[in-house]
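Here are a few exercises to work through with the coordinates loaded. Try each task yourself before you read its solution.

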Amino acid sequence: MTRLRDPAHRVSPRARTLWYVEAVLEALVVMVVGVVGAVLVVPDPWRWALAAAVVVVSATVALVVPQWRYQVHRWEVSDTAVYTQRGWWARERRIAPMSRVQTVDFAQGPMARIFGLATVTVTTASAAGPLQIEGLDQAVAIRLVDDLTLKADLDAGDAT
Amino acid sequence: MTIGPTAHTTQAGPTGQPDWERLDPRMLLVHPIIEVGKFLPVLIGLLVAGGASGTGPWALLGVGVPVALGVVRYLTTTWRIHDDRVELRRGLLQRHNLSTPVDRVRTVDLTAPPVHRVLGLAKVVIGTGSVTSEADERLELDALPREQAAGLRTRLLHSRGAGAEHPDAGYAAPVIAPEVVVTRFSVRWLWYSPFSGTVLVAVGAVLAAVGQLAELVEIRISEEDFALVDARLVAAVAVAGLVVALLLGVVGYLVTNGGFLLSRQGAAWHVRRGLVTRRETSIDVARLAGVSIAEPAVLRWVRGRRVRAIVTGLGSDQSSSAVLLPPAPASTARQVAAAVLDTPEPATGTLTPHGPAARTRRFTRALLGGLPFAAAPVVVVLLTEATPRLLVLSALVVVLCLLLAIDRSRALGHAHLAGHVVMRSGSLARSRDALADRHVIGWNHRATWFQRRAGLVSVSATTAGGRGSIQVDDMPVPAACALAVAATPGLIDQFLLDPAEEGP
């Protein structure tokens, strides 16, 4: 049975830490809003049950999702193609031939900068979604961008 | 400077550079008419005010400003083709200099609204696939004489091939290829117009209105004898509404698609349609990535189809430029697809179904989606005094969901036919999409945890036009890999897991 294997490289382990920080912050916001909302709006017998449910679910999500995401996020660049994998519950693998690469984008948010991480986005002429590699080590990302730019340049044509 | 049918070839000035050309002087007539139309409320106001205080210079201003605007527009708009670029200059205060390389031109649309048509003019919109759709930045020549517009179109769409073969020939002498007609409007097509989407929306609105009416009537009048009369009234309103919707649908279809003509001329496809405003779209053959044959449930029921082109650089927001066939008989659709793709197989060949796991998923998803609607009447019956007859609604929902699931699982299919990736999915909005191999610019494989457990994956073959990809749900993983290997050899092979290497 033929199937695709995982791309070769994991993203930086610090990405997992960053995702944990973000997930915990998000979960805290959801908890505060959910609990306050439940206490104010919902009638008595259900009130505390709902508040507890909000806390349990968002805490679980914050604990599970970053690790899961780190397990899934992978990338690989060969001489002829770019291959990325991301997501957690839904896993999306994207493959684009090097000859169709149009732009290579290096991006760094404020949080990512603190952690020394970067996102590399490779676009093709398709509107159906670019290939994105999140949580790369900054140095690796810079090398990757150079590598991609060089390889994509070698192929002539307008990449459509 | 010559203007007119003879101006096909670029008039070289003394310096060897082509002169800037103006639009057709007849636009001096068109613009004031349109501007007066825009100014009509103001004009009426001015006339009324003038009538009250005696006609003064104000009324003159009301007529003069639009005419002046038209003259200014005519005088400030010039264009030329120079140095392999289309250049357009326009605007008096806010000058715009637009310029695009000729080889970036993807579509050339000719539009002739009624006023233009009467005067023998056509508006030329040059599409480059740029994402900016602001009116200011569009390459639009409004307007040229009909023949010159057609000549310009030929030159823009054919020059690339000619230029490559004879680098010295430039753009001066495009060979006018004979026009081969593939299909033209037939009165029989009107039969399909009530089954297109617009009419469905109209019918839906009418039904909703009738429902509201019935509800009102039921609430206000409870006597039995009144109920009979009301039922007849409601039925009459419903029938009248339906007839109006049907008529609107047929007239709308006729106005949009009357005089439809699909033809091939040299390296371009031309689509001509419109009873009042004549619209001509041209698609460069090299940019035609594939076709999408739409067979929504209602249209399928009467054996009708719609065909749309997937054009590189033409996004879904410009999809009206990509119509290859309005709702028409399925046999015509197959014929159009075969002509456009140069092979009948992608439209007619058999597709590989996606197997039992995909079918199971269609059923679970349809039933889960219908669950709230099926459960609601049960809850109502259990919690309130409502009549148990409401449970019929639950049964109806379940039956509808099952029918939908059956139809959806039947639709699922894929194939690699004559150098095209073919995918079909959907029920109410089913479509069969074919994309030429060389236009596949990547693959997206998406699978949720449930799909991974079932060994299925949703596959998109990405391309540079249309909605960006053609896609199909729940392909068995080996089939998905085999399709990608067949369509884009050497791309995903390097990422495949060899069965021999696979662990226990």
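This is a predicted model: local features need pLDDT of at least 70, side-chain atom pairs count only at pLDDT 80 or more; totals for chains, interfaces and linings use all residues.

Residues are numbered from 1 along each chain as its sequence is written, chains are lettered from A and ligands numbered from 1 in the order in which they are written, and side-chain values use heavy atoms, with hydrogens and water left out.

**Exercise 1. Charge pairing between the chains**

Find the salt bridge that Glu92(A) forms, and give its N to O distance.

Solution. 
- Start with the count: the rule finds 1 salt bridge across the interface of chain A and chain B.
- Then name the partner: Glu92(A) pairs with Arg446(B), and their closest N and O atoms are 3.5 Å apart.
- Some background: side chains of opposite charge can pair when their charged atoms come close.

**Exercise 2. The extent of the interface**

Work out how many residues each chain brings to the contact, and how much area is buried between chain A and chain B.

Solution. 
- Count contacts (heavy atoms within 4.5 Å): chain A supplies 29 residues and chain B 34 residues.
- Next comes buried area, the accessible area (1.4 Å probe) that two parts lose on being put together, summed over both. For chain A and chain B that's about 2,900 Å², with 57% from carbon and sulfur atoms.
- On the chain A side, Arg3(A), Trp89(A) and Ile95(A) lose the most area to chain B, together 22% of what that side buries.
- Now polar contacts: a pair of N or O atoms within 3.5 Å, where within protein one must be able to donate a hydrogen and the other to accept it, and residues adjacent in sequence count only if both atoms are side-chain atoms. Between chain A and chain B there are 15 such residue pairs, both at pLDDT 80 or more.
- Which elements matter on the chain A side? Strands S1 (3–4), S4 (81–87) and S5 (90–97) of chain A each give two or more residues, and S5(A) gives the most, with 8 residues. Helices (H or I, at least four residues) and strands (E, at least two) are DSSP runs, numbered from the N terminus.

**Exercise 3. Two domains in chain A**

Describe how domain 1 and domain 2 of chain A meet.

Solution. 
- Get the bounds, which come from an automatic or database domain assignment: domain 1 covers 9–70 and domain 2 covers 74–154.
- Their centres, taken over C-alpha atoms, are 29 Å apart.
- The contact involves 14 residues of domain 1 and 16 residues of domain 2, burying about 1,500 Å², 64% of it on carbon and sulfur atoms.
- In domain 1, His9(A), Arg14(A) and Trp68(A) lose the most area to domain 2, together 40% of what that side buries.
- Arg14(A) also forms a salt bridge with Asp137(A), at 2.6 Å between the closest N and O atoms.

**Exercise 4. Hairpins in chain B**

Which residues take a positive phi in the hairpins of S2(B) with S3(B) and of S3(B) with S4(B)?

Solution. 
- S2 (residues 78–82) and S3 (residues 85–90) of chain B run antiparallel, joined by 5 bridges. With 2 residues between the strands, Asp83(B) takes a positive phi near 55°.
- S3(B) is also joined to S4 (residues 96–101) of chain B by 6 bridges, again antiparallel. That hairpin has 5 residues between its strands, and Gly91(B) in the turn has a positive phi of about 100°.

Technical notes
A salt bridge is a side-chain nitrogen of Lys or Arg within 4 Å of a carboxyl oxygen of Asp or Glu. Two strands pair if DSSP finds at least two bridges between them.
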